[in-house]
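Subject: Structure handover and notes

Hello,

Please find the structure below, handed over for you to look through. My notes come after it.

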Amino acid sequence: MSNLFDISGKTALVTGGSRGIGLMIASGFIEAGAKVAISSRKADVCDAVAAELGPNCVSFPADLSTEAECLRLAREVGKWCDGSLNILVNNAGATWGAPFDDFDDAAWDKVLDINVKGVFQLTRFLHAELIAGASAPDPARVINIGSVDGIHVPTLETYSYSASKAAVHQLTRVLAKRLASEHITVNAIAPGPFESKMMAATLENFGDSIKASVPLHRIGEPSDMAGTAIFLSSKAGAYITGAVIPVDGGLLL
Ligand SMILES: NC(=O)c1ccc[n+]([C@@H]2O[C@H](COP(=O)([O-])OP(=O)(O)OC[C@H]3O[C@@H](n4cnc5c(N)ncnc54)[C@H](OP(=O)(O)O)[C@@H]3O)[C@@H](O)[C@H]2O)c1
């Protein structure tokens, strides 16, 4: 039982690991003894964060909204992990808020390219490495970061974002079924409110009412997010696949 949540020595890639929820997960993995690659577009920030996280963290900057960049990142990560990847966290994402009548094509392309297509393409390009990092008793793990906004109807006008997160949840189930025979589990975490750059304006303007509407009356902490990701990546989470797990203080209730 003492090894139930052990992920030490595992190799992990966390996209969008330079800040916010991705950084919460990457830091938790590092503290738990994993070897972690993080990725984001701004190379200087990504490199600096990896250096801060220490010798078990490396930085591979990439723009995951294009297929070519997903492939390039997968090749670099494949070399770094000697062809064997145990954990892929598809976390990088973007949102867009605008009134219904102004919600044009750009608001769809930007959000769907990174939130949905990027998740699919990166997972596809790391397929061989995930197979190599998997076994029946200890599957490789893909963790997609969805959102409570892909489950309920959000308050703000973020049409493409909520549609993209519902797509992430369904893609999670489809990939879970496709990859199960190769001992790869695929699950999604659907976060409620967590502090991040994406959420900064929302929390500044509506923080008090958001806290009041969360049954546990608080915003998520880094340990809430890291704990769920570590659980899903460890022996304790080995029999879970195709699940969408809300980490939201009860917001969906
Ligand atoms: N915070 C919340 O309350 C909350 C709630 C529900 C779901 N989520 C989800 O959690 C995930 C992380 O969000 P966050 O709140 O932590 O947001 P954030 O602070 O804006 O972080 C987003 C991360 O993704 C990277 N990124 C953005 N676009 C990218 C691209 N095209 N290619 C590669 N990397 C890219 C960013 O770095 P660069 O800008 O340098 O690329 C950054 O590292 C997202 O999928 C989001 O939808 C967040």
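Two points on reading them. This is a predicted model, in which local features need pLDDT of at least 70 and side-chain atom pairs count only at pLDDT 80 or more, while totals for chains, interfaces and linings use all residues. Residues are numbered from 1 along each chain as its sequence is written.

Ligand shell

There are 28 residues around the ligand, and G16, G20, R41, G93 and S196 come nearest. A residue counts as near a molecule or strand if its C-beta atom, placed from the backbone, lies within 6 Å of it. By class, the shell holds 12 nonpolar, 11 polar and 5 charged residues. Here Ala, Val, Leu, Ile, Met, Phe, Trp, Tyr, Cys and Pro count as nonpolar, Asp, Glu, Lys and Arg as charged, and the others, Gly among them, as polar. Helix α1, residues 20-31, gives the most to this shell, with 3 residues. Helices (H or I, at least four residues) and strands (E, at least two) are DSSP runs, numbered from the N terminus.

Strand β1 (residues 11-15) pairs with β2 in the parallel sense over 5 bridges; two strands pair if DSSP finds at least two bridges between them. L13 has A37 of β2 as its bridge partner. From β1 the chain crosses through α1 to β2, in a β-α-β crossover that is right-handed. That term applies if, with the strands pointing away from the viewer, the path from the first strand over the helix to the second runs clockwise.

β2 is also joined to strand β3 (residues 57-59), by 3 bridges, and these two run parallel. A37 has V58 as its bridge partner in β3. The crossover from β2 to β3 passes through helix α2 (residues 43-53) and is again a right-handed β-α-β crossover.

Strand β2 (residues 35-39) is mostly covered, with 4 of its 5 residues buried. A residue is buried if 20 or more other C-beta atoms lie within 10 Å of its own, exposed if 12 or fewer, and partly exposed in between, with C-beta atoms placed from the backbone.

β5 and β6 pair in the parallel sense over 6 bridges. N144 has A188 of β6 as its bridge partner. Together, β5, α6 and β6 make a right-handed β-α-β unit. β6 also pairs with strand β7 (residues 244-247), in the parallel sense and over 4 bridges, and P191 has V247 of β7 as its bridge partner.

In β6, 8 of its 8 residues are buried. I184, V186, A188 and A190 point one way from the strand, and T185, N187, I189 and P191 point the other way.

Nonpolar core

The largest nonpolar core has 66 residues, and I25, A26 and V36 have the most contacts inside it. Such a core is a set of buried Ala, Val, Leu, Ile, Met, Phe, Trp, Tyr and Cys residues joined through C-beta atoms within 7 Å. Helix α1 gives the most to this core, with 7 residues. In soluble globular proteins, nonpolar side chains tend to be buried together.

Leaving out residues up to four places away in sequence, A26 touches V14, G17, V36, I38, L53 and C57. Residues are in contact if their C-beta atoms, placed from the backbone, lie within 7 Å.

Single residues

D82 has a positive phi, near 55 degrees, and is not a glycine. D82 sits in the loop between α3 (67-80) and β4 (87-90). D82 counts as exposed because 11 other C-beta atoms lie within 10 Å.

H183, which is not a glycine either, has a positive phi of about 60 degrees. H183 lies in the loop between α6 (159-179) and β6 (184-191), and is partly exposed, with 17 other C-beta atoms within 10 Å.

I151 is in the loop between β5 (140-145) and α6. With 18 C-beta neighbours inside 10 Å, I151 is partly exposed. I151 touches A190 and L252, residues up to four places away in sequence not being counted. I151 and V244 are 93 residues apart along the chain, and their C-alpha atoms are separated by 9.7 Å.

R72 belongs to helix α3 and is partly exposed, with 16 other C-beta atoms within 10 Å. R72 and A62 are 10 residues apart in sequence and 8.0 Å apart in space, C-alpha to C-alpha.

Regards

Note on methods: Two residues are in contact if their C-beta atoms, placed from the backbone, lie within 7 Å.
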